[in-house]
Amino acid sequence: MRFETAPAPHVVAGFTVPRVMFPVLLALVPVAMAHVAVLGPGLLLQLAVAAPVALGCEAAALAVRRRAIEPALRDGSVLVTAALLALCLPPYLPWWLTALGTAVAVLLGKHIYGGLGYNPFNPAMVGYAVLLISFPVAMTRWPPLGADLDWATLARVTVHSFYTGALPADLSWDAWTGATALDALRTGLRQRLTMQEIRAGAPFDAIGAAGFVWLNLAALAGGLFLLWRGIARWQIPAAVLAGLAIPAAIGHALDPGTHPGALFHLLAGSTMLCAFFIATDPVSAATSDRGRLVYGAGIGFLTWIIRRWGSYPDGVAFAVLLMNLAVPLIDRYTIPRIYGHAPD
Amino acid sequence: MAARREFAPGIALETHKQAAMQSRIAPAPAPAQAFVLLDQGDGRHTVPCVRVGERVRLGSPIACADTDAGADLHAPVAGRVRSIGVLERVPDAGHAIIIDNDGSDERDPGFEPLPPPETLPPGELIELIRRGGIAGLGGALFPTATKLAQARARSIAHLVLNGAECEPWICCDDALMREAADDVVRGAQLMLRASGAKRGTIAIENDKPQAGEALGAALAAVGDARLALVVLPAVYPAGAERQLLTAVTGLEVPEGARPPDIGLLSQNVGTAAAVARLARTGEPLIRRVVTISGSGVARPCNMDARIGTPIAELIGAAGGYTGTPRRLWFGGSMTGRALPDDAWPLTRAMNCIVAATDADLVSAASVERPCIRCGDCARVCPAGLLPQELHRGVRSHDESLLERYGLADCIECGCCDYVCPSAIPLVERFRQERVAMRERLAAASRATEARLHFELHERRAADLEASRRREFEDARRRARDHSADGG
């Protein structure tokens, strides 16, 4: 009797890339819900543009490169890119900018390097950075985060802005945008205000950044779900959070007048989204466990630097991209000791 | 000294051993024809020392190793040598000696109990083990006598008996330890004597409690203070030589070195039992315990089978096939080799034969995708490698990168393949790259290679010529005798 032959191993665990990516999408649901609750329905509109554009760009790029389209569309990675980008965009952003950012992320962030597995930079952050640099005004318009926010009108404003790039005639941007806590921190510090004075402004609540606290807690919940399911590993998130919190705590201890504390930083902007979902993109991250600690700590530290002294409100995107650049160097110096080899 | 935690990784594999452990080891029927492959699976060719038509008895030497790195082969049945040559009906099996079994099982005169080993000088004990053709039954088939002699020359301190059968399906050693624990312990004592080791440790995994009890009882019965039993966690690949030695002794075998260099010697428990049987009865290595299993086999079991029995017959003895077996492999599912045909005969290297159906293989069918550097492979690598980086090096044939990331240190256990979410055949790529690197190296010294090739060719031609002349002389003598009788 004859049999097929194949090299060992003959049995594998059957754990596939799609099975990694879809739990990641699931874990983003809490932060998406918090996003909609706090910032209005903009995220849903952004997703409705980003997801099809991402899939379309992926398919087009694969077709041009003469690669199989179907398995790549099914692996879910491009949807994760679209979702992460949408979660970072301001909800008011007009649809063509969202489409542009998504196309940049997928085409210039990913396929120009050879597609999944070969991109040195985090594709979503490439798209975000290009939009932020090219369209700084549209990219920094966030809804005001007051307690007396009317969600229904916010929804109307968001939809109008999304389709036209402008507000309904009876409304003005001044009334419908507000500084985020990180904006307030940056501009306040520039005006030589103290933390107490900055905190007296609207976007702060008892713990820290009003509204964004809930987004961060929801992202943290999703991230802990991934850790619990064994989809993500602790090294990068822990290092990002430590790399941000430790300098923040030291700065706060030395000069509380100009440094918000660690808790503020951990729960402001997109800290948790970055720690658990963005920095953890394995393709563009360092690859050994030790390397990932260095990589994550670098992202956290750079985020703190950029938030405190940089000219952009949230440093996450640039911190990630800068550390992406450092990955080959980190990998080169964090090779684990091989069995039987002397320690370096 | 505690084992080094940093190399503890590996995988807790789903076990498939229970099916074959339902019954005791059954003797497999002797084959009508035994097909003894000259290469038993270690890549060492042996030279036949019998002629076609010659009658051999059970245990007669039939092929001799020409170096210390090979082991002699003995007749697994009594009968007449039918043919010597390429085994035509089995693709890729190579050369074999085919013996027609006359069913008498008449023993070779050399097949006698040894003198009490305690009275033998170790050197002589090693020589008897060499003559018995004993080789490592864990699968590597390295000649036991050579290993013991090397150990003795290095005055090694610690013998480790490997009873950590870590691959799914394989349970021949588990069965042997349960049913012949006395032989394992006796074999350990003989190996201590032969190697000069001060102490011996029998290492098993914690999924074999009955084997542990049997060994414990056997150890208590002999009361040898030099021997101990150690139970390790059942994690694949606990039974890989270096990983096992590190787990038992806490010592790492350094890069480029071998276990004797750090005073260690490892042997498989089945090999120990074979040594004990050789001492007790004089039986050379003509049979082994083999697990016949997989969803494609009607009655999975462990069998005591003669070397050279066609696999089809062994599976027939296990109730035949059931369902639609798709792949047939010997060894474990992680490192075993797929066979194209069940006409292959049993070799000494075959500790397990699995006929796998789709039910066993279902998860193996997956599309290969690009590496996403998730690092799951590095997390399970027992050698502490970064397979994702080696994969990068293989793609670019970057030899300096491959050296930096330790391609040479890969033990080909398959853990990385097992967990890879992109279904990349990493080990196969590494193996091919090693071959390619060796070939590049060989191309660099082609002159030497060509000379060796020529010398081998010359020797084979001379051997052939000599055997032809002998046959011719024999024939002429027979003809002369015949005509003399007739005249």
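Helices and strands are here DSSP runs, a helix having at least four residues (H or I) and a strand at least two (E), and they are numbered from the N terminus. The model is a predicted one.

## Overall form of chain B

The secondary structure of chain B amounts to 15 helices and 17 strands. With a radius of gyration of 24 Å, close to the 23 Å that the globule rule gives for 487 residues, chain B is as compact as a globular protein of that length. Its C-alpha trace spans about 85 × 55 × 50 Å along the principal axes.

## Domains of chain B

Chain B is divided into domain 1 (5-101 + 108-281), domain 2 (289-364) and domain 3 (376-444). The C-alpha centres of domain 1 of chain B and domain 2 of chain B are 20 Å apart, and the contact between these two domains involves 39 residues of domain 1 of chain B and 35 residues of domain 2 of chain B.

On the side of domain 1 of chain B that touches domain 2 of chain B, at least two residues each are supplied by β1 (26-27), β2 (33-37) and α3 (172-179) of chain B, and β2(B) gives the most, with 4 residues. By class, that side of domain 1 of chain B has 29 nonpolar, 6 polar and 4 charged residues.

## A helix pair in chain B

Helix α4 (residues 181-195) of chain B packs with helix α7 (residues 269-281) of chain B at an angle of about 85°, their axes being 7 Å apart. Since angles of 65 to 115 degrees count as roughly perpendicular, α4(B) and α7(B) are therefore roughly perpendicular to each other. The residues that make the contact include B:Val184, B:Leu190 and B:Met191 of α4(B) and B:Val269, B:Val275 and B:Arg277 of α7(B). By class, the contact of α4(B) with α7(B) has 10 nonpolar, 1 polar and 3 charged residues.

## Domains of chain A

For chain A, the domain assignment gives domain 1 (15-177) and domain 2 (179-332), and the centres of these two domains of chain A, taken over C-alpha atoms, are separated by 20 Å. Their contact takes 28 residues from domain 1 of chain A and 30 residues from domain 2 of chain A.

The side of domain 1 of chain A that touches domain 2 of chain A receives at least two residues from each of α1 (17-27), α2 (29-39), α5 (77-88) and α7 (123-134) of chain A, the largest share, 6 residues, coming from α2(A). By class, this side of domain 1 of chain A has 22 nonpolar, 6 polar and no charged residues.

## A helix pair in chain A

Helix α14 (residues 235-254) of chain A and helix α17 (residues 289-309) of chain A pack at an angle of about 40°, with 7 Å between their axes, and α14(A) passes α17(A) in a right-handed crossing. Among the residues making the contact are A:Ile236, A:Leu241 and A:Pro247 of α14(A), together with A:Leu293, A:Phe301 and A:Trp304 of α17(A). The residues of the contact of α14(A) with α17(A) divide into 15 nonpolar, 6 polar and 2 charged.

## Contact between the chains

The contact between the chains takes 55 residues from chain B and 36 residues from chain A. On the side of chain B that touches chain A, at least two residues each come from β15 (327-330), β16 (337-339), α9 (358-361), α11 (387-396) and α13 (415-419) of chain B. The residues of that side of chain B divide into 28 nonpolar, 11 polar and 16 charged.

How values were computed: Residues are numbered from 1 along each chain as its sequence is written. Chains are lettered from A and ligands numbered from 1 in the order in which they are written. This is a predicted model: local features need pLDDT of at least 70, side-chain atom pairs count only at pLDDT 80 or more; totals for chains, interfaces and linings use all residues. Domain bounds come from an automatic or database domain assignment. Two residues are in contact if their C-beta atoms, placed from the backbone, lie within 7 Å. Ala, Val, Leu, Ile, Met, Phe, Trp, Tyr, Cys and Pro count as nonpolar, Asp, Glu, Lys and Arg as charged, and the others, Gly among them, as polar. Axes are lines fitted to C-alpha atoms, for helices over the stretch in contact, and angles run from 0 to 180 degrees between N-to-C directions. Angles under 35 degrees count as roughly parallel, over 145 as roughly antiparallel, 65 to 115 as roughly perpendicular and the rest as oblique. A crossing is left-handed if the near helix is turned anticlockwise from the far one by less than a right angle, and right-handed if clockwise. The radius of gyration is taken over C-alpha atoms; the globule rule is 2.2 Å times the number of residues to the power 0.38.
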